Structures are given as C-alpha cells and as structure tokens.
Amino acid sequence: MNNQEWDNLLNIETTNERDWQAAIYDYHRLESTDYEVLSLLFDNLTVSKEDVFVDMGCGTGRAMFYVHYRFGITVKGIELHPMTFEELENNKKQFQKRFKVPNNDIYIKHTYADDYLIESNDSIFYFFNPFAFKIFKNVINNILHSVKLVRRPVKLILYYPERAVIKYLKEETPFELINKIKIPGTYDSRDFLHIFSL
C-alpha cells in the first residue's frame, strides 16, 4: 500500500509537510516516515508486548499509530509545534474511533522533547531527524538518567540522522549500534535506519 492508502486504513491524515518559521533553527520540518520504511524497520526489530514506543518529535503521529496498529503496544508522541499538535490530537481521536483503542494506550504530549520526563517503562525511542544535535544530547542524557534509576533494556531508532549524532552515540555513550539498515532505491548517504541498544 502507498502512504495515502495506509493513512486511509488507520483513519489518520499524515501526508502533509510543514516548516517552522525561519527564525527557528533547532527544530526540523514536519515530514512523516514513509510506511515502507516503517515496515522495513519493524521487520528487522523485535518488539515485545511490554515495550513502550516513544516518538520524539512525532509530527502528526504516523509512526506511533503504525506501531500501535502492528503490535498493540503503548505508544507515546512528543510534539512541540502547536498546529501540528492539533492535527496529532485529531489523528488520535480518529484512530481510537476506528480501532476502539483505550485512551491510556496512546499518550501525546505538547512539549519540548528535552522537557519530557522519561518514564520507567519507556523502552523504544524513535527519532526521524527531528531537532538539533544539542537537543538530541539532552534527550539522550534524560534517557540515560532514567535507566540509572530503573535498569531496563532500551533501544534507539534513528532515521536519516546527522553524522555528528551517530559519532556521539558511538563514542560518548554506552549505546551500541546493533543494526544499520539501508533504505532501498536511494543513494543518499544519510538514508539509513540505525538501531542502537543499551
């Protein structure tokens, strides 16, 4: 199925794109991950019923709704842009209406990613090039602090990351790269999925 067909199935609208105002440099444009990429990713990642999926900079929620549809696990979306968050709220209502999903299975929060308080059961974190490197480092520090408080396996999924991000994770954190997945049909050197584990 193409992106629009998937959106129709999930009863959501995630095909739009949006840039921030020119004065805001730390947050990247709204652009949803292709469903083909999500399918490729989760064909190569083991997900348990106990996992909680957190999309940092989730936009209108495509990845989180796909994950809930496919695995039935708790999903969370963190989004800062006010207009995008309104669309995310509407998508949540429409998805829940179609699939009769309990409210506590899907959690969305309108906040800065590095202000989100990592919870003790959050275990899979997804980043589609959402914000500047300095914000990413703050989020990673928050995750590591959470793991110190409550020991558990954690995975990071990065799609289309900057080189500095990968270098930082490999050289300055305890995360280990466990898989690197090339997106078929592209020659862009950044068009990879990177999966890190702790």
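This is a predicted model: local features need pLDDT of at least 70, side-chain atom pairs count only at pLDDT 80 or more; totals for chains, interfaces and linings use all residues.
Visitor: At what angle do H1 and H3 pack?
Guide: Helix H1 (residues 3–10) and helix H3 (residues 62–71) pack at about 60°, and their axes are 11 Å apart. That makes H1 oblique to H3. Angles under 35 degrees count as roughly parallel, over 145 as roughly antiparallel, 65 to 115 as roughly perpendicular and the rest as oblique. Axes are lines fitted to C-alpha atoms, for helices over the stretch in contact, with angles running from 0 to 180 degrees between N-to-C directions. Helices (H or I, at least four residues) and strands (E, at least two) are DSSP runs, numbered from the N terminus.

Visitor: Which residues make that contact?
Guide: H1 contributes Asn-3, Trp-6, Asp-7, Leu-9 and Leu-10, and H3 contributes Arg-62, Phe-65, Tyr-66 and Tyr-69. Contact means heavy atoms within 4.5 Å.

Visitor: And how does H3 pack with H4?
Guide: H3 and helix H4 (residues 82–99) pack at an angle of about 15°, with axes 11 Å apart. H3 and H4 are therefore roughly parallel to each other. On the H3 side the contact involves Met-64, Phe-65, His-68 and Tyr-69, and on the H4 side Leu-88, Asn-91, Lys-92, Phe-95 and Phe-99.

Visitor: How accessible is Tyr-69?
Guide: Tyr-69 counts as partly exposed, at 37% relative accessibility. Buried means under 20% relative accessible area, exposed over 50%, and partly exposed in between (1.4 Å probe, protein chains only).

Visitor: New topic: how many aromatic pairs are there?
Guide: The structure holds 16 aromatic pairs. Rings of Phe, Tyr and Trp (its six-membered ring) pair if their centres lie within 6.5 Å; planes under 30 degrees apart count as stacked, over 60 as edge-to-face and the rest as tilted. The rings of Trp-6 and Tyr-35 have centres 5.3 Å apart and planes at 15°, so this pair is stacked.

Visitor: Where do Trp-6 and Tyr-35 lie?
Guide: Trp-6 lies in helix H1 and Tyr-35 in helix H2 (residues 35–43), so the pair ties together parts that are 29 residues apart in sequence. Trp-6 and Tyr-35 are both buried. Phe-127 and Phe-131 form an edge-to-face pair, 6.3 Å centre to centre with 90° between the planes, and both are buried.

Visitor: Which residues form the aromatic cluster?
Guide: One cluster is formed by Trp-6, Tyr-35, Phe-42, Phe-53, Phe-65, Tyr-66, Tyr-69, Phe-71, Phe-95, Phe-99 and Tyr-126.

Visitor: Lastly, is His-194 buried or exposed?
Guide: His-194 is buried, with a relative accessible area of 7%, and is found in strand S7 (residues 192–197). Leaving aside neighbours within four places in sequence, the contacts of His-194 include Leu-156, Ile-157, Leu-158 and Pro-161.

Technical notes. Residues are numbered from 1 along each chain as its sequence is written. Side-chain values use heavy atoms; hydrogens and water are left out.
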